Amino acid sequence: MTAPVSRRTVLAGTAAVAAAGATLAAAGSPAAAGGKGPKPTIVLVHGAFADATGWSEVISRLTREGYPVIAPANPLRGVASDSAYLASFLATIPGPIVLAGHSYGGVVITNAATGNPNVKALVYVAAFAPAAGDTVEHLQNMFPGTKLTLDALDFRPYPVPGGHSIDGYVKKAVFREVFAGDLSQSAADILWATQRPGDGGTLQTASGEPAWKTIPSYYLVARNDNLIPAAAQRFMARRAGSRTVEVNASHVALISQARATADLIRRAAR
């Protein structure tokens, strides 16, 4: 029988692992080896109807330049729980962080970064950048042009403690038009088949105090976005005081304009 492990031993071991991880993270950075301090860790957060693989080309570009990059899974279960999850994830990363979000991922980074002194910059990529009290539904519809209507969604129930909630998926017939108009049909079909749904309640949930009030922000506006109208993106970017660039892209600018996306993140990291 294995000898019992005390709580003190577990806590000591956890602290040792965390300290070793911090040391390795700093020592392993090319910039740290040159005496200039470690490059920031880039954390990329996907939105609804997508997963972290949408960042693949951006990750390749940034890692080739020596940036440590992580693209965690966004649970897509609700604004409060998604933000708390990301906040706890960020708390495990030593050193400076540049935090980027696409689409609904912008809501999550806006809330999760608040109060974390390690987050040095926020990057919004065709994303929601809410103020306190804003909802996704309000921001999406405050200017004309969105094609993500209720008719464009399939709703499927899923169980939660004490009852059930509803997941929303973009229908295949409109997925490319709504989400990925500048990708090939075959690429859009793969995105549709692998999409991760968002809980329907996130549409009406009010956002909290925004991190962009105290953290510098950058915004990539997708001019041809059929999910978040470009006018809404410009409004949010101006309100947040973001440094802004615009590209001709659909909602998936992180895929179709990966180079521009990586350039803006790199700019934020400097």
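This tour visits salt bridges and then one glutamine in a predicted model.

**Before you start.** Residues are numbered from 1 along each chain as its sequence is written. In this predicted model, local features need pLDDT of at least 70, side-chain atom pairs count only at pLDDT 80 or more, totals for chains, interfaces and linings use all residues, and side-chain values use heavy atoms, with hydrogens and water left out.

**Stop 1: the salt bridges.** The structure holds 9 salt bridges. The term means a side-chain nitrogen of Lys or Arg within 4 Å of a carboxyl oxygen of Asp or Glu.

Select D167 and R77. Their side chains meet in a salt bridge, 2.7 Å from N to O. D167 sits in strand β6 (residues 163-170) and R77 in the loop between β2 (69-70) and α4 (79-90), so this pair ties together parts 90 residues apart in sequence. Helices (H or I, at least four residues) and strands (E, at least two) are DSSP runs, numbered from the N terminus. Now colour by accessibility. Buried means under 20% relative accessible area, exposed over 50%, and partly exposed in between (1.4 Å probe, protein chains only). D167 is buried, at 7%. R77 is partly exposed, at 32%.

**Stop 2: R239 and D134.** Select both. Their side chains form a salt bridge of 2.8 Å, N to O. R239 belongs to helix α9 (residues 230-240) and D134 to the loop between β4 (119-127) and α6 (136-141), so the bridge links parts 105 residues apart in sequence. R239 is partly exposed at 30% relative accessibility. D134 is buried at 11%.

**Stop 3: R223 and E246.** Here the closest N and O atoms of the salt bridge are 3.0 Å apart. Find R223 in the loop between β8 (217-222) and α9, and E246 in strand β9 (residues 243-247); the two parts so tied are 23 residues apart in sequence. R223 is partly exposed, at 38%. E246 is partly exposed too, at 30%.

Next, select E65, D263 and R266. Salt bridges that share partners join these three into one network.

**Stop 4: Q195.** Go to the loop between α8 (185-193) and β7 (198-199), where Q195 is found. Is Q195 buried or exposed? Q195 is buried, with a relative accessible area of 8%.

Show its polar contacts (N or O atom pairs within 3.5 Å; within protein, one must be able to donate a hydrogen and the other to accept it, and residues adjacent in sequence count only if both atoms are side-chain atoms). The Q195 side chain reaches the backbone oxygen of V170 at 3.0 Å. A polar atom of that side chain also lies 3.2 Å from the backbone oxygen of W192.

Finally, show contacts, meaning heavy atoms within 4.5 Å. Leaving aside residues up to four places away in sequence, Q195 touches F49, A50, Y169, V170 and F175.
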